[in-house]
Amino acid sequence: MYNILIVDDEKKEREGIALLLKRFGFPLRTAFAQNGEDALKIMEKNYFDILLTDIKMPYMDGIQLIRETQKRGLNPICIIYSAYGEFEYAQNAISLGVQEYLLKPVKLDAFKALFEKIIEICQEKEIEKKNRNDIIQAKEEAAQQKLSWNLLNYLESEELEEGTLNHWETLENEFTSVVQEKICIPVIISCYSNLFSIEWEEYLKDIREYFGKETVILTNTDNQIVVLLIRERNFYRTAETKKECEILIEKSQKKYQVNIFVVLGKKTESLTELKKEYTELKDQLDYQFFVSKSMVL
């Protein structure tokens with residue numbers, strides 16, 4: 001369904017257009033405005049794919065309405081609707097990027113053909129928007145993967161090699177941009193089975209559900225996941241995060257019939273602190289070999 005705003009100072013004209021749209025079965029939700037000023041107020045609060053506007057109206061005519069929508073960054077498909085078919089109006093409308101010029105009285109065949117074309121344009125715009133969003137999402141995911149990989153390399157490195165100082169300084173800036181004014185808590189989740197590779201997509205949803213959408217996944221292997229929890233500095237409570245870990249453990253037992261071992265770190269605010277805490281977490285991970293059931297350490 002697409003949204004269309006019909007603007008005309010004559011009520012019967014507005015309702016007549018809506019009736020024709022319904023008669024021909026176009027997938028459109030209709031809204032009405034009686035002049036350009038009212039239309040702008042409505043458009044500032046609601047999204048419209050199509051704007052059909054009369055030219056001659058009190059307070060603000062159709063040409064001025066289209067100009068104002070463009071000033072506000074609104075981008076509906078515009079149709080001029082008027083009994084005035086003079087070249088001057090058509091020329092002004094074309095200069096503003098108006099898609100079509102619909103004349104009164106309306107001829108049914110022309111009306112039907114016009115809106116078939118408009119619906120096709122709406123569909124094309126929808127596909128273009130989806131493609132743009134897919135590209136943006138892919139770029140964001142690639143940047144996230146790169147950051148995760150670099151962070152893991154840093155955390156796993158035994159010492160800073162000569163010549164890599166600038167690289168780690170850049171990573172510090174990237175890390176700071178992710179954490180911003182918040183804090184970071186490292187967590188290692190371990191499992192004896194290959195649960196994390198077989199059920200990764202589903203298990204990732206569980207992690208996001210209990211730890212939050214801001215959770216940064218550094219790595220996942222057959223039996224181990226390293227994540228960074230991003231939390232508000234002033235509201236962080238270790239006990240609450242431990243409870244989240246316990247819920248994840250319970251979920252893993254019931255849903256996947258496996259035990260997991262979780263090592264929960266302390267809050268950190270810099271890469272240096274994070275690296276130190278991560279090293280301690282890896283040492284604590286050895287305790288999993290001395291327990292036979294799930295636990296949070």
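**Notes on the predicted model**

1. Tyr 59 counts as exposed because its relative accessibility is 68%; exposed means over 50% relative accessible area, buried under 20%, and partly exposed in between (1.4 Å probe, protein chains only). Although Tyr 59 is not a glycine, its phi is positive, about 75°. Tyr 59 sits in the loop between strand 3 (50-54) and helix 3; helices (H or I, at least four residues) and strands (E, at least two) are DSSP runs, numbered from the N terminus.

2. The model is predicted, so that local features need pLDDT of at least 70 and side-chain atom pairs count only at pLDDT 80 or more, while totals for chains, interfaces and linings use all residues. Residues are numbered from 1 along each chain as its sequence is written, and side-chain values use heavy atoms, with hydrogens and water left out.

3. Gln 257 also deserves a check. Gln 257 is not a glycine, yet it has a positive phi of about 55°. Its loop runs between helix 9 (238-256) and strand 9 (260-264), and Gln 257 is exposed, at 61% relative accessible area.

4. At helix 3 (residues 62-71), the buried residues are Gly 62, Ile 63, Leu 65, Ile 66, Glu 68 and Thr 69. Asp 61 caps the N-terminal end of this helix, with a side-chain oxygen 3.2 Å from the backbone nitrogen of Ile 63. Just after the helix, Gly 73 adopts a positive phi of about 80°.

5. The peptide bond from Lys 104 to Pro 105 is cis, with omega near -10°. Pro 105 belongs to the loop between strand 5 (100-103) and helix 5.

6. Thr 215 lies in the loop between helix 8 (200-211) and strand 7 (216-220). Thr 215 counts as buried because its relative accessibility is 4%. Apart from neighbours within four places in sequence, Thr 215 is in contact (heavy atoms within 4.5 Å) with Ile 207, Arg 208, Val 227, Leu 228 and Leu 229.

7. The largest pocket is lined by 17 residues, and Gln 144, Gln 145, Leu 204, Arg 208 and Ile 217 lie nearest its centre. Helix 5 (108-156), helix 8 and strand 7 each give two or more residues to this lining. A pocket is an open set of points on a 1 Å grid over the protein atoms alone, where a 1.4 Å probe fits, with protein on both sides within 12 Å along at least five of seven lines; lining residues have an atom within 4 Å of a point.

Methods:
Polar contact = N/O pair within 3.5 Å; in protein donor to acceptor, adjacent residues only side chain to side chain.
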